[in-house]
Amino acid sequence: DEQNKTINQLDKFAFNFLDTCHLSKMICKYIVLSEAYKIPMVLRPYQYYAVEALVERVKNSTKNGYIWHTTGSGKTLYQSNHLASRLDEQVFVLVPRRFLAENAAETVAEIAGYELGDEVGYAVGSQSGDVSCWNRDTRTVFATNGYALASGIVMTATTFVLDEVHEMSMDLSIIRALLHRRIAQGESIR
């Protein structure tokens, strides 16, 4: 349920989760037809409630939000993309490593059947320059922390997901300080 309490009785679960309105919302917004695996994939109930709470918070307040869950719970791949699909702006998912940015973008694009760089892309740099795959219309952009700093995204974009924050680094500390400064100056950062 919304309080993350397990419902073990089938009739109670069906009443709460399979209500007509709720079920239609699940079908329309929370089922991804996996092009990679040729199967429909649906969010687990706790993922659904987390996404709903996150979207509600981002749309209706200027407060920050946190999603904290186990490895493999869908925080990076599903919840960031669902957030972007529900907002009318780009969402930058900042990650510490290039591999994570590229892999997450490729996986989300593959599962959803998107062309990489259209709805979902990545923003990374290398010693030979920018090797990114995104444009100004890309809804979800997985970017490395270093790229976000070097490119100025951290100073211009308005919606961020800071992923893997337990892996503190100098780049992430600077990003957090810059975002706090923008908020203190009255900018609407989500």
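**Salt bridges, stop by stop**

Select Glu102 and Arg98 to begin: their side chains meet in a salt bridge, at 2.9 Å from N to O. The term denotes a side-chain nitrogen of Lys or Arg within 4 Å of a carboxyl oxygen of Asp or Glu. The model is predicted: local features need pLDDT of at least 70 and side-chain atom pairs count only at pLDDT 80 or more, while totals for chains, interfaces and linings use all residues. Residues are numbered from 1 along each chain as its sequence is written, and side-chain values use heavy atoms, with hydrogens and water left out.

Both residues of this pair belong to helix α5, four residues apart, or about one turn of the helix. (Helices, H or I of at least four residues, and strands, E of at least two, are DSSP runs numbered from the N terminus.) Glu102 is buried, at 18% relative accessible area, whereas Arg98 is partly exposed at 36%. Buried means under 20% relative accessible area, exposed over 50%, and partly exposed in between, with a 1.4 Å probe and protein chains only.

Next, select Glu167 and Arg97, a salt bridge whose closest N and O atoms are 2.4 Å apart. Glu167 lies in the loop between β8 (160–162) and α8, and Arg97 in the loop between β3 and α5 (98–112), so the pair ties together parts 70 residues apart in sequence. Glu167 is partly exposed at 29%, as is Arg97 at 39%.

Finally, select Glu89 and Arg190, which form a salt bridge with closest N and O atoms 2.6 Å apart. Glu89 sits in the loop between α4 (75–86) and β3 (91–95), and Arg190 in the segment after α8 (170–184), 101 residues apart.
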